[in-house]
Amino acid sequence: MTDKNSRVEVIVLIPEEEILNDQSQAEVLADFRQAWHEAMTGQTIPVAQLWEGLEND
C-alpha cells in the first residue's frame, strides 16, 4: 500500500496520427479517465508482474 500523498509519475503515450483519426477525442479522454481512476484507486499491476514471462522470449 502506498501513502495517499505519495508522488505519481504518469507517462502518456500518444498513438500514431492515423490511429488517432479512427478514435474520437471523446473516446481517448474516456480511456484516460478510466485509466486514471484505476491508478488512483489502486487497481494497478506491478511493473515486475507485467514483465513476467516476457524476459525469456
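1. A helix here is a DSSP run of H or I with at least four residues, a strand is a run of E with at least two, and both are numbered from the N terminus. The expected span of a helix is 1.5 Å times one less than its number of residues. Helix H2 has 16 residues and reaches 22 Å from its first C-alpha to its last, close to the 22 Å expected.

2. A word on the ground rules. This is a predicted model, in which local features need pLDDT of at least 70 and side-chain atom pairs count only at pLDDT 80 or more, while totals for chains, interfaces and linings use all residues. Residues are numbered from 1 along each chain as its sequence is written, and side-chain values use heavy atoms, with hydrogens and water left out.

3. Now the overall fold. The chain has three helices and zero strands, running α-α-α from the N terminus. Just after H2, Gly42 takes a positive phi of about 80°.

4. On confidence, pLDDT is the predictor's own score for each residue, from 0 to 100. The chain has a mean of 76, with 68% of its residues at 70 or more.

5. Rings of Phe, Tyr and Trp (its six-membered ring) pair if their centres lie within 6.5 Å; planes under 30 degrees apart are stacked, over 60 edge-to-face, and the rest tilted. The count is one aromatic pair: Phe32 and Trp36 are stacked, 6.2 Å centre to centre with 20° between the planes. Both lie in H2 (residues 25-40), four residues apart, about one turn of the helix.

6. Next, exposure. Buried means under 20% relative accessible area, exposed over 50%, and partly exposed in between (1.4 Å probe, protein chains only). Of the chain's 57 residues, 0% count as buried. Phe32 is partly exposed because its relative accessibility is 38%, and Trp36 is partly exposed because its value is 36%. Val12, found in the segment before H1, counts as exposed because its relative accessible area is 52%.
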